[in-house]
Amino acid sequence: MISFYPGPSKIYPSVADWAAEAVRSGVVSMNHRSPEFMAVTKSAIRGIHEKLALPADYHVALVSSATECWEIVAQSLTEQWSGHITNGAFGEKWYDYTARLGVNSWQFKGNDSALWPHRATTYPETDTLCLIQNETSNGTQVPMICLAQYRADFDGIIAVDAVSSMAGIVLEWSLADVWFASVQKCFGLPAGLAVLIYSPRALARAEAIGDRKYYNSLLFLHENFSKFQTPYTPNGLGIYLLSQIMQHVPPIADVDKITKKRAAKWYAFFETEQTQLPFKPLINGHSASETTIRSDTVIALTGAEDDIATVKKRAKSAGIILGNGYGDWKDTTFRIANFPAIADGEVETLKAFFREYEQGG
């Protein structure tokens, strides 16, 4: 089966060989505080810095999931109010989760005519602003130009969930203080690990708050990862695979070009080439602003419920897995992952399926 599911998604083919090597070499049995495993962790972190072009003074920690990162932001980096600018299910989940932790929280929802406001709407005491860079549920994104406006408007900590875009497109790291992503999407790895990136400003905020109550308090994480150690027994296999993938993928600037070129071709495919198909991009791209907010890594297509159910069923029969819709769009959309691990030949296979589908094949 060829998987275009937007997470967990297709892994790089080399992962199987690296996993077997990790077993043969004993990596999976190493003490996580041993010099040997510290070297693995150091390699993974160094690779993230180099291949993703992180600022030298930004820090990296490895945790279990992006959801855990939501918790870290709420507990270690929010002192008064957490503001959430949302446009989809995952942004709303982050807001709900933060509120359930007992943190003062507000939410500003985008709307159809202005999916991303040009200025951050904040309460006076808001000290942390939270955004989803790539909203996987509906195939929208916060473009860097918009994030730059938030950075100019807001003096507090900006935290960005980049689960479906980190390692797939260039992110302007200086525009936010916290970035995080699970690895089962653009990193092309199995689920069970997340990359947490944080700035000196974020670390200073954590030190001012002084939260040390939790196993995943940012200060506790920082103290350990500064020594290339983990605060608890980690996903050792996941860290080893991350260290390997960071050695083999191209620099992010090169990956970005491929991702965006592919995305442009996908949108053109559905808008200008295959116009008779019974579905179209959820964000139609009729204006420059709509085109700007369309995701480069998750292509969301909309149509009638029966048509959506049919195309997914027929694709599966053809050996292709399409992504289900999610949240409010569960029954009226399907999604196509545009992640780096997906090969050009697999993309062409899916396009051939759609061409035959148009002809009733």
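How are α1 and α8 oriented relative to each other? In this predicted model, in which residues are numbered from 1 along each chain as its sequence is written, local features need pLDDT of at least 70, side-chain atom pairs count only at pLDDT 80 or more, and totals for chains, interfaces and linings use all residues. Side-chain values rest on heavy atoms, with hydrogens and water left out.

The axes of helix α1 (residues 14-25) and α8 come within 10 Å and cross at roughly 130°. Here helices (H or I, at least four residues) and strands (E, at least two) are DSSP runs numbered from the N terminus, while axes are lines fitted to C-alpha atoms, for helices over the stretch in contact, with angles running from 0 to 180 degrees between N-to-C directions. The two helices α1 and α8 are therefore oblique to each other; angles under 35 degrees count as roughly parallel, over 145 as roughly antiparallel, 65 to 115 as roughly perpendicular and the rest as oblique. The crossing of α1 and α8 is right-handed, a crossing being right-handed if the near helix is turned clockwise from the far one by less than a right angle, and left-handed if anticlockwise. On the α1 side, Val 15, Trp 18, Ala 19, Glu 21 and Ala 22 meet Leu 237, Tyr 240, Leu 241, Gln 244, Ile 245 and His 248 of α8, contact meaning heavy atoms within 4.5 Å. This contact of α1 with α8 has 8 nonpolar, 2 polar and 1 charged residues, where Ala, Val, Leu, Ile, Met, Phe, Trp, Tyr, Cys and Pro count as nonpolar, Asp, Glu, Lys and Arg as charged, and the others, Gly among them, as polar.

Helix α8 also packs against α2, at an angle of about 40° and with the axes 8 Å apart. That angle makes α2 oblique to α8, and the crossing of α2 and α8 is left-handed. From α2, Phe 37, Val 40, Thr 41, Ser 43, Ala 44, Gly 47, Ile 48 and Lys 51 meet Gly 236, Ile 239, Tyr 240, Leu 242, Ser 243, Met 246, Gln 247 and His 248 of α8. The contact of α2 with α8 comprises 8 nonpolar, 7 polar and 1 charged residues.

A further pair is formed by helix α3 (residues 66-76) and helix α4 (residues 89-100), which pack at an angle of about 45° with their axes 10 Å apart. Helices α3 and α4 are therefore oblique to each other, and their crossing is right-handed. Thr 67, Trp 70, Glu 71, Val 73 and Ala 74 of α3 make the contact with Phe 90, Lys 93, Trp 94, Tyr 97 and Thr 98 of α4. By class, 6 of these residues are nonpolar, 2 polar and 2 charged.

The second largest pocket has a volume of about 320 Å³. On a 1 Å grid over the protein atoms alone, a pocket is an open set of points with protein on both sides within 12 Å along at least five of seven lines, a cavity is a set where a 1.4 Å probe fits but cannot get out, and lining residues have an atom within 4 Å of a point. Grid points are joined across faces, edges and corners, and a volume is the space filled by probe spheres set on the points. Of the 19 residues that line the second largest pocket, Ala 66, Phe 90, Val 163, Gln 184 and Lys 185 are the closest to its centre. The elements giving two or more residues to this lining are α3 and α4, and α3 gives the most, with 3 residues. The lining of the second largest pocket divides into 8 nonpolar, 7 polar and 4 charged residues.

The largest cavity has a volume of about 70 Å³. Its lining includes Tyr 12, Leu 52, Ala 167, Cys 186, Phe 187 and Pro 340. Helices α8 (236-248) and α9 (252-273) are the elements that give two or more residues to the lining of the largest cavity. This lining has 12 nonpolar, no polar and no charged residues.
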